[in-house]
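Colleague: I would like to learn how to read the helices in a structure. Could we go through one together?

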Amino acid sequence: MKKILSIVLILAFVISMPFIFNKSVTVENPNKLDIDGNFILNEWVPSRVGEGPDWNYNLKPVKISDRVWCFFGAMEMPTKENAGDMSNSCYIKGDTEWIAWDSGPSYIFAKQAYAEMKKIADMPVKTVIISHEHDDHWLGNNYYKEVHGAKIIGAHSINENYFGPRHIEGKDYPGMQTRMIKALYQNATRDTVLALTDEAHDDTVELKIAGVNLEYVKVGYAHSEEDWYLYLPDDKVVLAADVVMNGRVTSNRDGLVIGQINAINSIRAREWDYLVPGHGFITDKTAADESVKYFSILTDRVLEKMEDGVIADFITKEVTLDEYREKDLYYILSPQNVFRSYEELEMYDEDDLIDYVALEAEKKAKKEAAAKAKAEAEAAQAQTVEPTKVEKTEEVNTEAADAAKTESTEVPSVPSVPSVPAVESV
Ligand SMILES: [Zn+2]
């Protein structure tokens, strides 16, 4: 009898072990939230360390798809305590090299991120692609440039605004100082030097780097003066950077709400299974939902109060976006987002909204027609011409860009502000 009882007790203990020692949860699918709705950050990144001659970022890459890994930053503003590790950056695995998407807040961050990726595949980083000018996304550039000889592709606004000269109302001003270099400890910023971007594009481009098809998509003035996202059509992955955030309130300090809505609609017009936001941990098909709703209700409510005659001085009292009160950074960022959108929406024109779904459909049809014509021409020449192997191609998609230009003027835009799900006010 005693024996049976002790066996039962041991069994009960073994069964309850995962609950008692709740630390060793294996995340089967890293794109999913845990049962409390939190992402896996605390599982993957136990705590920040920070001591030593180099700040220890304690980085752990999270696998998103077959060839994409990302590092997830804290849901905070940049501080000494997080050493600027508060945005997301990714690595894409090519055949012979890594491609980096955003390079993080410092040289040391980039160096430590690479050390982790090298364990997965010992390949250099030859290309770094940057989403936008905010310094939590590109201050690791000089690590990749100096150590790997990488080429940096990024927005024009990075060089203009940080290296200067900045052209403002006919005058030239020097470049701005970065927040990180002003705010962080020496052991986090040491070795970080502003590295110029080598290549900037005027419009969306399709790239093939080390066997990976990439579309670097321009969305223009959205979260900042010049935003881009990266689309991996074969992997069905969007690396959205800051035009999408989740789990926290977005920062629209440099942005435009209508530009944001257009950017998100451009992303929604593409086919994807995973989306990595610039800040936040949700990467599944719901990843953009919070941003869609946020910009939609922000726009609707500010416009509504404007119609009621509420003046700018009182707009932050009248539009409080209570649904987002529980999100990180609400108290710091929400009022300023409301105020800034008031200024912008005073000049609101419905035609500013772009119907990206229609544009994408047209682009696809054109591409298919072109591919068909090309295939027919090639078939005719097949016997005479030897096909050459193309290692790296880069093609400016001028046709689609032209189509986008004419389309936006010819066709009255569909009011594509997403519908707002009913949410109870707190
Ligand atoms: Zn940003």
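Predicted model: local features only at pLDDT ≥ 70, side-chain atom pairs only at ≥ 80, totals over all residues.

Colleague: How do I read the length of a helix?

Modeller: Compare the expected span with the distance between the end C-alpha atoms. For α11, residues 330-345, 16 residues at 1.5 Å a residue should span 22 Å, and the end C-alpha atoms are 21 Å apart, which agrees. The 19 residues of α9 should span 27 Å, and its ends are 27 Å apart, in agreement.

Colleague: Which residues of α11 are buried?

Modeller: The general idea comes before the case. An α-helix has 3.6 residues a turn, so residues three or four places apart point the same way. In α11, the buried residues are Ser334, Asn337, Val338, Ser341 and Tyr342. These cover an arc of only 135 degrees around the axis, which puts them on the same side of α11. They pack against α8 (257-268), α9 (289-307) and α10 (315-318).

Colleague: How many of the twelve residues of α8 are buried?

Modeller: Eleven of the twelve are buried, so α8 is largely enclosed by the rest of the structure. Among them are Val257, Gly259, Asn262 and Ile267. The cover over the buried residues of α8 includes β10 (212-220), β11 (227-232), β12, α9, α11 and α12 (356-381).

Colleague: What do the buried residues of α9 pack against?

Modeller: They pack against β12 (237-245), α8, α10 and α11. The buried residues of α9 include Glu290, Tyr294, Phe295 and Val302. Just after α9, Gly309 takes a positive phi of about 90 degrees.

Colleague: How do I describe two helices that pack together?

Modeller: Two packed helices are described by the angle between their axes and the distance between the axes. Take α8 and α9: their axes come within 10 Å and cross at roughly 145 degrees. The crossing of α8 past α9 is left-handed. On the α8 side, the contact is made by Val257, Gln260, Ile261 and Ile264; on the α9 side, by Ser291, Val292, Phe295, Leu298 and Thr299.

Colleague: At what angle do the axes of α3 and α4 cross?

Modeller: Helix α3 (residues 107-120) and helix α4 (residues 141-148) cross at roughly 60 degrees, with axes that come within 7 Å. That angle makes α3 oblique to α4. Here α3 passes α4 in a right-handed crossing. Tyr107, Ala110 and Lys111 of α3 meet Asn142, Tyr143 and Tyr144 of α4 in the contact.

Colleague: Now the single residue. How does Leu345 count, by its C-beta neighbours inside 10 Å?

Modeller: A residue needs 20 or more such neighbours to be buried. Leu345, in helix α11, has 19 C-beta neighbours inside 10 Å and therefore counts as partly exposed.

Colleague: Which residues is Leu345 in contact with, leaving aside its neighbours within four places in sequence?

Modeller: Leu345 is in contact with Val257, Thr299, Val302, Leu303 and Met306. Leu345 and Leu303 are 42 residues apart along the chain, yet their C-alpha atoms are separated by 7.0 Å.

Methods:
Residues numbered from 1 in each chain as written. Helix = DSSP H or I, 4+ residues; strand = E, 2+ residues; numbered from the N terminus. Expected span 1.5 Å × (residues − 1). Arc of directions from axis to C-beta. Contact = placed C-beta atoms within 7 Å. Axes fitted to C-alpha atoms, helices over the stretch in contact; angles between N-to-C directions. Parallel < 35°, antiparallel > 145°, perpendicular 65-115°, else oblique. Left-handed = near helix turned anticlockwise from the far one by under 90°.
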